[in-house]
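Trainee: I am new to this structure and would like to learn how to read it. Could we go through it together, one feature at a time?

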Amino acid sequence: NFTIYNESLVMYFTFNNVSKIGEGEGSSTLVDLSRYGNNGTCGYAGSASNCRVRPSKDILYGTAWGNVSGVNGYVALNYRNISNTYSYLFWFRRDGDGGNGEDVNYLTYMSTLIRISTTYVVYWPNTNIGATLATFPKAITAGEWHFLGISQKFNTAVIVMDNNTIFSGGTNYPSTVDGGNEIGMFQGWPINGAVDNFMIWNTSLSANEMLQFYYGNLYKYSGT
C-alpha cells in the first residue's frame, strides 16, 4: 500500500550525501525525502557542523550515518507533534558501548527514547514514566546491520527486529512534550555505531507492514 507514503511518512533520511539536493561535504543539512521537508541538521559538540556520513562495506549502496574516525556527532531533528500514534523504522549497526555504558542511544523524539544494547532494546514512549524492554532473539555482534521497527498506538506497541516480532503489548502513553529531537544522541551521550534509512511515520504500522521494509532492504543485512 504505497499510499501511506503520501501523508503518513513525515521524515525520511537515506544519508546518501546527495549534493544535488543540498547534502554533501560542506553542508550541515540532511534532506528529508518525505513531502514535508523536515530537514535535519548535523551537529557536533552542540553546534551545527558538516554531516559526517560514512560509507560502509556492509552497505551495498549509498552511505550511512554514525560516528566517523572516533568523532561523535548527532542529527538534530525538527520537532513535530505526531501525537500518540506513530512508527519509527531504521537500520542500525552497533559498534560497541555508548557514552553511558552498554546502552547505545539511537533516537530521542518528542519524549520518546530508543536505546539498544547487545541483547535488548529499551524503548521509552515517555521518558518521564518508564520503559518497555524487548529482548532480541540472539545477541548482537559488533559490526552487524539489523533492522528495527517500533509502532505505537495510544498505550500499545509492536517492536520488530529483522524478521521477528520481539514485543507486542501494553506500554505507557507517549508524551508529545518536546524533550529533544536527535538521532544518535541523548543528554550528551553519543551513538557508537551507524544508522541508515531512517523513517518517522504519523501512523501505527502493523508488524507485517514494518517487516516489508526489512525484506525490501534485505541485502543490507550481514548475517555473519
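Trainee: Which residue's side chain meets the side chain of D97 in a salt bridge?

Mentor: In this predicted model, the partner of D97 is R94, and the N to O distance in their salt bridge is 3.1 Å. When you read such a pair, look at the surroundings of each member as well: D97 is partly exposed, with a relative accessible area of 48%, whereas R94 is buried, at 4%.

Trainee: How many salt bridges does the count come to?

Mentor: The count comes to 4 salt bridges. One of them joins E7 and R35, whose closest N and O atoms are 2.8 Å apart. This pair links distant parts of the chain, since E7 sits in helix α1 (residues 4–7) and R35 in the loop between β2 and β3, 28 residues apart. E7 is partly exposed, with a relative accessible area of 45%, and R35 is exposed, with a value of 55%.

Trainee: What is the distance between the closest N and O atoms of K138 and E144?

Mentor: For the salt bridge between K138 and E144, that distance is 3.7 Å. K138 is partly exposed, with a relative accessible area of 41%, while E144 has 2% relative accessibility and therefore counts as buried, the cut-off being under 20%.

Trainee: Which residues make the nonpolar surface patch?

Mentor: V18, I21 and L33 make it, and the patch covers about 220 Å². L33 is found in the loop between β2 (29–30) and β3 (40–44), where this residue is partly exposed, with a relative accessible area of 42%.

Trainee: I would also like to look at backbone angles; what is the phi of D162?

Mentor: D162 has a positive phi of about 50° although this residue is not a glycine. D162 lies in the loop between β14 (156–161) and β15 and is buried, with a relative accessible area of 6%. N197, also not a glycine, has a positive phi of about 45°, but its setting is strand β19 (residues 193–201); N197 is buried, with a relative accessible area of 7%.

Trainee: How many helices and strands does the protein have?

Mentor: The secondary structure comes to 2 helices and 19 strands. Among contacts with a separation of 6 or more, 65% are between residues 24 or more positions apart.

Trainee: Where does pLDDT stay under 50?

Mentor: Residues 56–62 are such a stretch, and the model has 18 contacts for them beyond four places in sequence. Where pLDDT is low, the predicted coordinates should not be read in detail. For the protein as a whole, the average pLDDT is 82, and 80% of the residues score at least 70.

Technical notes: Residues numbered from 1 in each chain as written. Heavy atoms only, no water. pLDDT = per-residue confidence, 0-100. Contact = heavy atoms within 4.5 Å. Patch = residues over 30% accessible without salt bridge, like charges linked within 9 Å, V, L, I, M, F, W, Y side chains within 5 Å. Areas by Shrake-Rupley, 256 points an atom, 1.4 Å probe, with all protein chains shown as cover. Helix = DSSP H or I, 4+ residues; strand = E, 2+ residues; numbered from the N terminus. Buried < 20%, exposed > 50% of the residue type's maximum accessible area, 1.4 Å probe, protein only.
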